[in-house]
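Please read the numbered points alongside the display.

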Amino acid sequence: MSSLLQIFHVSFPGLGINDLEISRVAFELKLFGRNFPVYWYGIGYAVAFSLCLLLALRQCQKAGLEKDDILDSYIALMILGIVGGRLYYVLFSLDNYRGNWSAIFSFRDGGMGFYGGVIGGILAICLVAKRKKINLAKLIDFFAVYLPLGQAIGRWGNFFNQEAFGCNTTAPWGMISEGTAAYLKQLGPPHDPTQPVHPTFFYEFLGNMLIFALLLYLRKRGKSDKPYLILATYLLSYGLLRFYVEGLRTDSLYIANTGIRVSQALSLLMVLVSAVYLLVILRKQKDEQIRKES
């Protein structure tokens, strides 16, 4: 973009929605004689973290956890989640930083990998659980419920940045703007910058909200007493969602010089591991029921 304050005119022609004016900058703060832009992307993350923390604090005692443990976990989760997300992106985009390694620390220029954030967050929870002698499965399953909610909110930052969209589509909800056109023009054929694209950010928003509802349902039904069942359900459902969405996106990170998308490979691994674990749990549950009836 030529300017931080560039206005995008976003249209959904098939829905009769045209020229919605959006900007990646929500507002500017003037401090010490300088203007500091506040981005919608950052606001989205702040809202996501705050809402998930508020809900976690309200429900933690029902899960046998203390509020202090939740706060300590959240602090560690935020720090290692951000560091992990950045390292993940940099690791698979090293060519962008050769000769300018200091740019790795320029978070305001963008570049975060969701899966890296998840890995960092899980590591943070493991460290807190070990230090405070909390049952790891209980803590991870508790936080896993709120992860898709935070993702769903955060994805709207992609809309305001006009990024992380998919390939061309004839679906009625196809999206087009100066941002999509400029990016597809850089990619070249077979992408057509004059045609709408899949709003994949919205696919992830809807999918994550459904996953959040599913995990809440399982917890209310008392399924969270089985270790890592909530986490496994999240990994399976989000893995399927992300595998599909990633296949539509035009900005995927790839493994070295292969045509393998990193996020699709990780999604497939998540699905396989979690599916095996869930099948084992179901088998044990069935065996227990047979023993009780015999």
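1. In this predicted model, helix α8 (residues 200-220) and helix α9 (residues 229-248) have axes that come within 10 Å and cross at roughly 165°. Angles over 145 degrees count as roughly antiparallel, and α8 and α9 are therefore roughly antiparallel to each other. The crossing of α8 past α9 is right-handed.

2. Both helices contribute a series of residues to this meeting. From α8 they include Thr200, Tyr203, Gly207, Ile211, Leu214 and Leu218. Among their counterparts in α9 are Leu229, Thr233, Tyr234, Ser237, Leu241 and Val245.

3. Helix α5 (residues 147-154) is mostly covered, with seven of its eight residues buried. These are Pro148, Leu149, Gly150, Gln151, Ala152, Ile153 and Gly154. What do the buried residues of α5 pack against? Their partners are α1, α3, α4, α6 (156-161), α8 and α9, so the pair described in point 1, roughly antiparallel to each other, also takes part here.

4. Helix α2 (residues 67-91) has a length that agrees with expectation: at 1.5 Å a residue its 25 residues should span 36 Å, and its end C-alpha atoms lie 35 Å apart. Buried residues of α2 include Asp69, Ile70, Tyr74, Leu77, Arg86 and Val90, as well as the glycines Gly81, Gly84 and Gly85. The cover over the buried residues of α2 includes α1 (40-59), α3 (114-132), α4 (136-144) and α10 (262-293).

5. Cysteine 167 is placed in the loop between α6 and α7 (178-187). Is this residue buried, partly exposed or exposed? At 24% relative accessibility, cysteine 167 counts as partly exposed, since the buried class ends under 20%. Leaving aside residues up to four places away in sequence, cysteine 167 touches His191, Pro196, Val197, His198, Leu248 and Thr250. Arginine 155, twelve residues from cysteine 167 in sequence, is 17 Å from it in space, C-alpha to C-alpha.

Technical notes:
Residues are numbered from 1 along each chain as its sequence is written. This is a predicted model: local features need pLDDT of at least 70, side-chain atom pairs count only at pLDDT 80 or more; totals for chains, interfaces and linings use all residues. Side-chain values use heavy atoms; hydrogens and water are left out. Helices (H or I, at least four residues) and strands (E, at least two) are DSSP runs, numbered from the N terminus. The expected span of a helix is 1.5 Å times one less than its number of residues. Buried means under 20% relative accessible area, exposed over 50%, partly exposed in between (1.4 Å probe, protein chains only). Contact means heavy atoms within 4.5 Å. Axes are lines fitted to C-alpha atoms, for helices over the stretch in contact, and angles run from 0 to 180 degrees between N-to-C directions. Angles under 35 degrees count as roughly parallel, over 145 as roughly antiparallel, 65 to 115 as roughly perpendicular and the rest as oblique. A crossing is left-handed if the near helix is turned anticlockwise from the far one by less than a right angle, and right-handed if clockwise.
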